[in-house]
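Please open the model in your viewer and follow the stops below in order. Each stop says what to select and what is there.

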Amino acid sequence: MLPTDDIVYLKGVGPQRAKVLAAEAGIRTVGDMLQYFPFRHIDRSHTKTIASVKEDDGIVVLHGTVGNIQIVSTGKYRERLTADLFDGTGYLQLVWFQGTKWVREKLKDGSKYVVIGTPTIFNGTWQMTHPEIEAESGRPTTESHQLPTTFLPVYNTTDKMKQHGLGTRALARLTETLCGCLGPVDETLPQDVLQQFHLLSRREALIAIHYPASQAQLDAARARLKFEELFFLQLDHQWAHGDRQRNSSGRVFATVGEHFNRFYNEKIPFPLTGAQKRVIKEIREDMRSGRQMNRLLQGDVGSGKTLVALMCMLLALDNGCQACLMAPTEILATQHYYTFLNMLEGLDISVELLIGSVRAADKRRMKARIASGETKIVIGTHALIEDDVVFGNLGLVVIDEQHRFGVEQRSKLWRKATPAPHILVMTATPIPRTLAMTVYGDLDCSIIDELPPGRQPVRTYHRTEPRRPLVFSFLKQQIDAGRQVYFVYPLIHESEKMDLRDLEAGLEMVQSYFPRPQYQVSMMHGQLTPEEKAFEMQRFKEGKTHIMVATTVIEVGVDVPNATVMVIENAERFGLSQLHQLRGRVGRGGGQSYCILMTKDTLSNTSRDRIRTMCSTTDGFQIAEADLRLRGPGDIQGLQQSGVLDLQIASIVDDEPLVRATRECVHDLLAKDPTLGQHPVLQRYIQHSKNKMMWSKIS
Ligand code: ADP
Ligand code: MG
């Protein structure tokens, strides 16, 4: 048979099962069936006798005769089926709670079976619940097509599949038949790649992944199929990158003019770090290349991305364009606005803040000035992407904390000018290297890997409830020395009202330790109006309050250098990268800063790992890697459309060397053959996948 053949023609399938296979497992063709990889194998050579079964054996293979089949009713619609399995050395009870009718039809008293499952002891007898079972004589003789059957593939199945005789054993029989009569399979990877990386051919791999002759062959099959999967992911991304380089024309920002120079010479509050300089240079090169820039700027919290953004925006102004900065919250947008006003004072550059809470009439006037081009720099929130915000001549869009925005929202900004404006997305959530290589394969990336001088790493401690008094006396010391303190509470409940109650309880506790009027406390949460938030933030910033009790509203970008202590309550409830973001709110001034992670006494292993990681490092990249290891990529924001979550066999976490290898491999290949003219198979692939929306294109 050929991979393109309809699965209905495979011996043992037929129209009814074909329907079920399609509906339940997406298997329509022979090729689909081959790609339905087993999730593990059972080593048949490890057959045991019942007498030799031990409790920690895990899955075992037994041979024996079935007898004493019984059905016991256990409820209105429920029943239990039990049967004994004898093998001459002892007996073991087989138990089914589900699908009993079907099992009953299949089991024959006195017949011989192969039974696969996990033995456990229940009430002093050996038991096996829901074993995989097949008649000893049920297997087709293998000599006819000489497949090795030491390793038995185990497949995922659904209830529906089982009801139609498509349990894992049945599937194994189907794949066995299929592998035995499989015709030629087209190779997808170039020959020289196969040779260079010592990969099995596609046909060999597809057979061996089901029926390997040895563990080594199984490994080789998996390696080949993983390679293929990652190779095509890379090809998608890198092709898109090349495509954009060829096809997306951008404004040419050729001049470094008065705005930039005056700021640099007169206004810049501190010398740039080496990393900031390098990154600004990279961005400048990009913006004058004639191509539209689509660049990701990564830099740990506090690394000074805002200043970089500002200077790039001045370059846009120097070239006759407007620039805008979009931030995820009003607090953050407002803060950026004041930072900009401050830094640009005396330079005669009109900056405006466009956020939802601006009064309608003011907003209208503001929009008119933006449309006429009178306003040069616009800072705002989602309000910026509303349809009636029209720019006179938008040349650069900076997006802060990009993971907070959806694809749609970002692409709207992109469409606000023709040619499309240059795009700079900034993130303080470092992306683990493997992910960056895969997900952002087609995005240009700049990294600020250096903090401004004089920063001492934040010291992080883990404390539990009994030591709270000590924590509080430490806080008192700090406040009396003129410092400020954050208390952060996680969002625990679905309802904001309940969270607010927790926060208020927290506030009460804090106030009882830190009584007014000597100590002033601010409170910040999602239910305050934007004006109230701004007011509280301002009071704290000016040092009028000593303590800020807040929900994670303050997670992103808030900058109060004098705040040097952060207490995170219920720290076990936060993810690693969120803890890292929160901690980034302290350690921004000169002084030694502290982060105290309060948790309950008993922690789960992963919580403990998280807390330990936080206490041992302040390096965002290390934390990101740990986060990926602990949580897997599924929870990482922004990955949903990247393809890495749909990987069938490769893992972005465990297969880093392969990610690296495929990336370089595709890179070299495209360097030598940029149009893929010499690789018709790959070219055809690209033409097919071109229709898929490339998420990273519009980041
Ligand atoms: P982030 O990268 O987290 O957005 P910010 O841009 O908010 O960081 O910068 C963090 C702090 O560091 C700010 O207070 C900023 O004024 C300061 N800063 C930025 N660049 C430098 C520099 N080159 N030297 C000293 N301080 C700097
Ligand atoms: Mg920032």
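In which loop is the place of Asp348? Select Asp348 and look at both ends of its loop: helix H12 (330–343) is on one side and strand E13 (351–354) on the other. The model is a predicted one, and the values in this tour are computed from it. Asp348 has a positive phi of about 60°, although this residue is not a glycine. With a relative accessible area of 77%, Asp348 is exposed, because the cut-off for that class is over 50%.

**The whole chain**

The C-alpha atoms fill a box of roughly 95 × 70 × 45 Å, taken along the principal axes. There are 23 helices and 23 strands. Of the 699 residues, 53% count as buried.

Next, colour by domain. The domain assignment gives domain 1 (1–39 + 155–184), domain 2 (51–147), domain 3 (186–247 + 656–699), domain 4 (258–448) and domain 5 (459–617).

**Ligand 1**

Select ligand 1 and show what surrounds it. The shell has 17 residues, and the closest are Gly302, Lys305, Thr306, Arg455 and Arg588. By class, the shell divides into six nonpolar, six polar and five charged residues. Helix H11 (residues 305–318) gives the largest share of this shell, three residues.

Now draw distances from the oxygen atoms of the ligand. One oxygen atom of ligand 1 lies 2.6 Å from a backbone N or O atom of Gly302. At Gly304, a polar backbone atom is 3.1 Å from an oxygen atom of ligand 1. At Thr306, an N or O atom in the side chain is 2.7 Å from an oxygen atom of ligand 1. On its own, ligand 1 has 560 Å² of accessible area, and the protein covers 85% of that.

**The nonpolar core**

Which residues have the most contacts inside the largest nonpolar core? Select Phe263, Phe340, Leu344, Ile377, Ile379 and Leu396; the core they belong to has 77 residues. H11 supplies the largest share of this core, 11 residues. The core also draws at least three residues from each of domain 3 (186–247 + 656–699) and domain 4 (258–448).

**Two cis peptide bonds**

Most peptide bonds are trans. Go to the bond from Thr418 to Pro419, which is cis, with omega near -10°. Pro419 has its place in the loop between helix H14 (407–414) and strand E16 (422–427).

Then go to the bond from Arg516 to Pro517. This peptide bond is cis as well, with omega near 0°. Pro517 sits in the loop between helix H17 (496–513) and strand E20 (521–524).

Stay on H17 and select Asp502, which is found in that helix. Is Asp502 buried, partly exposed or exposed? Asp502 counts as partly exposed, because its relative accessibility is 29% and the class runs between the 20% and 50% cut-offs.

**Another positive phi**

Select His130, in the loop between strand E8 (125–129) and strand E9 (132–135). Its phi is positive, about 45°, although His130 is not a glycine. Most residues other than glycine have a negative phi. His130 is partly exposed, with a relative accessible area of 37%.

**Two last selections**

Select Tyr155, which lies in the loop between strand E10 (151–154) and helix H4 (159–163). Tyr155 counts as buried, because its relative accessibility is 3% and the cut-off is under 20%. Tyr155 and Arg169 are 14 residues apart in sequence, and their C-alpha atoms are 8.1 Å apart in space.

Finish at Ala371, in helix H13 (residues 360–372). At 37% relative accessibility, Ala371 counts as partly exposed.

How values were computed. Residues numbered from 1 in each chain as written. Chains lettered and ligands numbered in written order. Predicted model: local features only at pLDDT ≥ 70, side-chain atom pairs only at ≥ 80, totals over all residues. Heavy atoms only, no water. Near = heavy atom within 4 Å. Polar contact = N/O pair within 3.5 Å; in protein donor to acceptor, adjacent residues only side chain to side chain. Areas by Shrake-Rupley, 256 points an atom, 1.4 Å probe, with all protein chains shown as cover. Helix = DSSP H or I, 4+ residues; strand = E, 2+ residues; numbered from the N terminus. Nonpolar A, V, L, I, M, F, W, Y, C, P; charged D, E, K, R; others polar. Core = buried A, V, L, I, M, F, W, Y, C linked by side-chain atoms within 4.5 Å. Buried < 20%, exposed > 50% of the residue type's maximum accessible area, 1.4 Å probe, protein only. Domains from an automatic or database assignment.
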